[in-house]
Amino acid sequence: MTIQWFPGHMTRARREIQEKLKLIDVVIELLDARLPLSSRNPMIDEILQGKPRMIVLNKADLADPAVTEKWVTYFKNEGITAFPIDASNGTRVQDIPAQAKVLFHDKIQKQLNRGMKPRAIRGLIVGIPNVGKSTLINRLAGRNIAATGDRPGVTKGQQWIKIGTEMELLDTPGILWPKFEDQEVGYRLAVTGAIKEQVINIEDVAFFAIKYMTQYYWDTLQERFELTKKPEDLDVPDEIVQVMEEIGRKRGCIMSGGRVDLEKTSGVILRELRAGKMGRFSLEVPLSFML
């Protein structure tokens, strides 16, 4: 299965971001802590044209904390400040305005030296669909001002939002990219809900998820569904399907004749995985930690 999703409003959003860049002081690049590299738009460096930037790893409450630490180190080695947050409950969200002041410090100091009152920092928040941009903005603003949802494509346009008296944020729609060179990137994004399910094969995505969880998080997977046997060879598709069928039987996803409904089972798998009911997991590790 080939996964691609690049609606017309994303092309428009990219153009509008580039038009607004001259107004922007600081960029907040929001990534999914479970898959920081796969949730990072490879066009972002070209789009942002060298603007000061921080990386915020959202949904850290769902990610493997040991792996998240590795990603923070990875980005530090790349010269970019990165830190994990949970926008839903507010964990470390206030580190964002503080870091914006650090990035904008020199210009603030110039304004003070001229006897001027520093103006509000203008921040641009960017990220792929369903990474939590609107949830983060609402948390920073202290009110429900940006539309939220657990599906991609909720934010359709741009809007300026005040964050206290010292910062303003430009909310933007999530932007994917026209083509995934590595199809595993598409699968990872689909597992976490960044791509609309109407354009993917849900059984293929669930198969990918179960294969990965079996390889790296078998104990939590086994505990959640009370599984009886770990596959001996992950390269044999039938063994992964057997795990899915056992999950389907445990969840009552049975069709007439006693066969397991794999489509319904796949929906159960992805919903529980995305909700954190299978425990905390990360879908990728920096290559520098795999050598």
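Me: Before we start, how are the residues numbered, and what does the pLDDT of a predicted model have to be for local features?

Reply: Residues count from 1 along each chain as its sequence is written, side-chain values use heavy atoms, and hydrogens and water are left out. The model is predicted, so to speak of local features we need pLDDT of at least 70, and side-chain atom pairs count only at pLDDT 80 or more, while totals for chains, interfaces and linings use all residues.

Me: Okay, salt bridges. How many salt bridges does a search of the whole structure find?

Reply: General idea: side chains of opposite charge can pair when their charged atoms come close. The rule here asks for a side-chain nitrogen of Lys or Arg within 4 Å of a carboxyl oxygen of Asp or Glu. Searching the whole structure that way turns up eleven salt bridges. In one of them, lysine 211 meets aspartate 235 at 4.0 Å, N to O. Lysine 211 sits in helix H8 (residues 202-216) and aspartate 235 in the loop between helix H9 (218-225) and helix H10 (237-250), so this pair ties together parts 24 residues apart in sequence. By the way, helices (H or I, at least four residues) and strands (E, at least two) are DSSP runs, numbered from the N terminus.

Me: Which side chains meet glutamate 272 in a salt bridge?

Reply: Arginine 224 does, at 2.8 Å, N to O. That pair links distant parts of the chain, with arginine 224 in helix H9 and glutamate 272 in helix H11 (residues 262-274), 48 residues apart. Arginine 251 also meets glutamate 272, at 3.0 Å, N to O. Arginine 251 is in the loop between H10 and H11, and glutamate 272 is in H11, so the pair ties together parts 21 residues apart in sequence. Glutamate 272 is buried at 11%, whereas arginine 224 is partly exposed at 32% and arginine 251 is partly exposed at 31%. Elsewhere, Glu29, Arg40 and Arg53 form a linked network of salt bridges.

Me: Now strands. Which strands does S4 have bridges to, and how do they run?

Reply: The idea is that two strands pair if DSSP finds at least two bridges between them. Four bridges join S1 to S4, running parallel, and valine 27 stands opposite leucine 124 in S4. Another four bridges join S4 to strand S6 (residues 167-171), again parallel, with isoleucine 121 opposite methionine 167 in S6. Five of the six residues of strand S4 (residues 121-126) are buried, so the rest of the structure largely encloses this strand.

Me: What does aspartate 32 touch?

Reply: Contact means heavy atoms within 4.5 Å. Leaving out residues up to four places away in sequence, aspartate 32 touches Ser39, Asn58, Lys59, Val131 and Thr192. Aspartate 32 belongs to strand S1 (residues 26-32) and is buried, at 3%. A polar contact is a pair of N or O atoms within 3.5 Å; within protein, one must be able to donate a hydrogen and the other to accept it, and residues adjacent in sequence count only if both atoms are side-chain atoms. The side chains of aspartate 32 and arginine 34 have one, at 2.8 Å.

Me: Which element gives the largest share of the lining of the second largest pocket?

Reply: That is H8, with five residues. The second largest pocket has about 540 Å³ of space. Of its 23 lining residues, the closest to the centre are Glu184, Arg188, Tyr212, Leu283 and Glu284.

How values were computed. Buried < 20%, exposed > 50% of the residue type's maximum accessible area, 1.4 Å probe, protein only. 1 Å grid on protein atoms, 1.4 Å probe; cavity = no way out; pocket = protein on both sides within 12 Å on 5 of 7 lines; lining within 4 Å. Points joined across faces, edges and corners; volume = space filled by probe spheres on them.
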